[in-house]
Amino acid sequence: MQMMWWHSVQDIQRLINRVSAARTIGVAWLRSVDIDELILSIHNIIITKNVRNSVDYDEESSSWNLRIKDAEKNDSGWYKCQINTVPMRSMGVYLNIDSASDLVDHNTSETELTVRKGNLEKTNAVNYTLCGTDIVAEDHFLFKQEAILKLLTRLEDPNGDAEQSKISRTYNPGTAEARYKDPRRVREFMAAFSSETFLKRGVYFSLFDEEHRNQMIQFFEILQGADSWDTFYRTACWGRDRLNEMLFDYALSVAVLHRKDTKGIALPPPYEVNPNFFVPTVAINEAYRGRMKGVNTTISFIFTGTQKNEEQKVAYFGEDIGLNSHHHYWHMEFPFWWTEQHGKKKDRKGELFFYMHHQLIARFDAERLSSDIPVVEPLSWNQRIKSGFAPMTSYKTEGDFPTRPDDVAFRDLPFLSIEEMRVFEERLHEAIDRGYLINREGVKVPLNIELLGDIIEASEYSLNPRFYGSVHNYAHMLISRINDPEGVFALPPGVMEHFSTATRDPNFFSLHKYIDSLFKKFKNNQPAYRKEDFEFPGVSIESLKVQSTSRAVPENQMITYFEEFEFNINNGMDVNPSDKNLHSKAQVQRLTKEAFKYVLEVFSFEPQSAVVRIFLVPKYNAFGEEHTQEEKRWSQIELDKFVVQLSAGQNTIVASSEDSSVTVPDRKGIDQLLQEIQDAKSGRSPLPVNKEHRHCGLPNRLLIPRGNTAGMDYELSVMITDWTKDKVGRSQLGGSVCYCGEPDQQYPDRRAMGFPFDKKAEVDAFDVANFKIQEVKIRFIP
Ligand SMILES: [Cu+2]
């Protein structure tokens with residue numbers, strides 16, 4: 001993983017600047033020879049004298065491929081592709097042409113190799129190398145990006161954009177059926193839309209409400225089935241002014257995440273589309289006062305509750321707007337209503353439902369321990385809900401999110417009783433105890449983690465939703481509607497009703513701990529891991545340490561702190577056309593960390609591909625007692641997972657906390673997106689487009705728990721296993737793949753999610769040379 005590329009970056013930058021034309025700058029391929037870098041190609045021009053090299057651009061995957069014909073041992077080494085943006089982006093790959101015999105096996109005369117993002121693949125017809133998927137935005141992409149931002153502006157008002165509103169007036173999906181994959185669906189949707197029961201504007205939309213959901217799905221299906229970007233865009237413009245604003249926002253966002261022609265487009269963050277959901281109403285009102293006075297305002301706000309409420313100590317986590325967004329987008333990438341009609345089957349969706357939420361609980365508990373409060377308790381249908389929640393935020397049009405006091409009992413909903421929940425729970429326990437579930441036809445089906453995730457959520461893949469219910473979705477509704485279960489006050493539902501706001505309620509974590517206990521029971525029934533499940537012969541971890549980027553921090557210590565964060569709340573304000581230029585912002589604190597790196601010394605007997613898995617766990621509980629092995633196992637937080645190419649002998653592996661494959665970098669806000677579009681249009685600075693850009697993913701700032709001022713004790717564990725056995729397909733481990741998978745592809749790692757801590761292990765199983773624990777501290781700087 002050690003990259004040695006950074007030396008002559010400026011020289012290359014100058015060269016690329018000279019060679020390239022205006023805005024659309026291609027990609028340069030470089031090769032490292034000793035400490036120098038040799039330029040192989042710029043754009044599609046070959047610079048090197050090596051005639052075996054060629055470069056081409058693959059439009060489909062937006063990738064620049066370097067081809068090396070008749071590759072030979074001498075071609076082994078580090079290669080790098082580089083994109084001339086500011087800041088410069090580059091990516092290194094190690095090409096290892098060692099086992100010539102392998103290659104001969106595959107192909108006789110011509111030997112070409114495939115290298116993908118940081119990893120080497122050898123397959124038979126294999127070609128080449130992929131230089132990331134970063135390209136520079138061209139006009140058409142800029143138009144799309146801007147169009148999506150406009151479509152999601154001030155959703156309660158008529159569209160303020162002249163062009164979009166003209167399309168909305170003149171286009172009608174009902175008279176353009178031929179432009180959709182399935183004209184029948186367009187007809188059905190148009191009929192539903194014109195019926196009395198179709199959800200009106202100005203009221204809340206809930207995905208959990210079956211009628212709302214079905215209407216949304218109908219609209220989503222025509223967005224998804226639009227035959228081109230143009231049809232898609234026109235359909236969206238049409239829907240923008242006619243459909244319920246929350247329904248429109250949701251359907252459009254899921255479509256943008258799934259359509260091929262919208263890959264790489266950034267959605268405006270949920271806290272800027274709908275600031276009212278996240279910013280206390282008093283702060284919104286204060287910003288209004290600024291508007292009335294005609295001044296730009298930045299209003300700071302704090303997390304909910306007072307110090308009298310223990311839960312307030314960890315509100316910074318549940319109410320973190322980046323965490324809210326992660327949860328929101330995860331459920332958009334893996335909608336429980338998704339079927340093959342909507343697109344590819346989502347690989348390991350049931351297991352991911354378990355694992356992503358399990359990790360949220362482990363992280364929440366670690367934050368609680370940082371604040372000296374005990375871990376969260378699972379909710380139970382037989383007990384009252386201990387902690388209340390006063391959201392202090394509101395719907396744009398339907399008033400405040402209801403407040404729930406401490407210590408209230410569950411209440412039946414008109415269509416769902418608590419007694420039914422007990423029955424569903426009983427049936428789940430039975431399925432787990434017996435190791436099979438009963439499908440719709442009454443046939444026993446062996447239970448696995450995937451099927452269990454599907455029946456608990458329940459997703460459309462549940463084998464028997466009538467029998468097992470929809471425990472997770474129902475539980476969300478039982479909590480969000482607890483204030484007015486019969487609807488006698490016509491209160492809108494609470495924050496638990498929406499994935500974007502759910503984690504703000506501390507009961508989200510109680511609910512999910514309850515769900516997690518079912519998965520835990522299943523996992524504990526599985527045969528324990530044995531030593532041979534973990535072994536990687538010939539590989540040993542000699543040392544492991546963590547180094548902070550600032551020199552003053554001692555080894556094996558990490559630093560966290562709070563920073564101020566500002567975001568745009570214009571969409572939460574009504575606007576008077578005369579003060580269109582007024583700007584309102586909100587400011588809130590958010591947890592962040594200092595960047596650090598893991599440094600591993602690893603010995604390998606032979607050159608091989610290996611996968612490094614890194615976990616962290618708090619050492620002590622809230623009472624200062626060391627956690628048992630069992631407690632530690634189930635509380636492990638995944639920090640990273642990446643592939644390395646080990647050479648024979650000693651290897652130094654260095655990985656940065658910033659490249660973690662559980663996280664995403666900071667989300668771009670509306671202002672930044674608009675600025676970048678402007679800069680690109682005017683030619684000031686090209687806009688880099690990453691078509692693999694993910695919305696789903698934990699914010700990188702939250703990678704590690706807060707820790708405490710004295711320096712809290714944790715154990716860092718690293719396991720290295722054989723990547724050739726674990727990998728699936730030709731995939732790589734990048735982006736936020738650990739919690740969010742890879743869109744449209746198989747989950748790249750064959751092992752159970754959470755491996756090696758997901759199941760029990762025999763006493764000596766971890767006595768292997770490819771596993772190591774290091775004690776570390778996390779110090780919080782107030
Ligand atoms: Cu969730």
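The legends below accompany close-up views of one predicted model.

Residues are numbered from 1 along each chain as its sequence is written. Because the model is predicted, local features need pLDDT of at least 70 and side-chain atom pairs count only at pLDDT 80 or more, whereas totals for chains, interfaces and linings use all residues, and side-chain values use heavy atoms, with hydrogens and water left out.

**Figure 1. Overview of the protein.** The protein has 23 helices and 25 strands, where helices (H or I, at least four residues) and strands (E, at least two) are DSSP runs numbered from the N terminus. Of its 782 residues, 58% are buried, buried meaning under 20% relative accessible area, exposed over 50% and partly exposed in between, with a 1.4 Å probe and protein chains only. Among the contacts (heavy atoms within 4.5 Å) with a separation of 6 or more, 76% are accounted for by residues 24 or more positions apart.

**Figure 2. The copper site.** The copper ion is coordinated by the NE2 atoms of His327, His331 and His357, at 2.0 to 2.1 Å; donors are N, O and S atoms within 2.8 Å of the metal (3.2 Å for Na, K and Ca), and since water is not among the atoms, sites may look incomplete. The spacing of the donor residues in sequence is H-x3-H-x25-H. His331 belongs to helix 12 (residues 321-333) and His357 to helix 13 (residues 349-370), so this pair ties together parts that are 26 residues apart in sequence. His331 is buried, at a relative accessible area of 1%, and His357 is buried as well, at 4%.

Figure 3. One disulfide, defined as a pair of cysteine sulfur atoms within 2.5 Å, is found in a search of the whole structure. It joins Cys696 to Cys740, with an S to S distance of 2.1 Å, and the link is left-handed, with -70° about the S-S bond. Cys696 sits in the loop between strand 22 (688-690) and strand 23 (698-699), while Cys740 is in helix 23 (residues 737-740), so that the pair links distant parts of the chain, 44 residues apart. Both Cys696 and Cys740 are buried. Cys738 is buried too, at 0% relative accessibility, but its sulfur is 9.2 Å from the closest cysteine sulfur, that of Cys740, which is too far for a bond.

Figure 4. The buried residues of helix 6, including His212, Met216, Phe219 and Leu223, pack against helix 5 (183-193), helix 7 (229-242) and helix 8 (245-258). At the start of helix 6, a side-chain oxygen of Asp209 reaches to within 2.9 Å of the backbone nitrogen of Glu211. In the loop between helix 5 and helix 6 lies Ser194, which counts as exposed at 59% relative accessibility and has a polar atom of its side chain 3.1 Å from the backbone oxygen of Ala191.

**Figure 5. Helix 21 and its surroundings.** Helix 21 (residues 670-681) has 12 residues and reaches 16 Å from its first C-alpha to its last, close to the 16 Å expected at 1.5 Å a residue. Ile670, Leu673, Glu676, Ile677, Asp679 and Ala680 are buried in helix 21, and the buried residues of this helix pack against helix 3 (139-151) and helix 9 (270-273). Gly683, with a positive phi near 85°, follows helix 21.

**Figure 6. The surroundings of Thr501.** Thr501 is placed in the loop between helix 17 (471-480) and helix 18 (506-524), and Thr501 is buried, with a relative accessible area of 0%. When its neighbours within four places in sequence are left aside, Thr501 is in contact with Phe277, Phe278 and Val495.

Conventions: Polar contact = N/O pair within 3.5 Å; in protein donor to acceptor, adjacent residues only side chain to side chain. Expected span 1.5 Å × (residues − 1).
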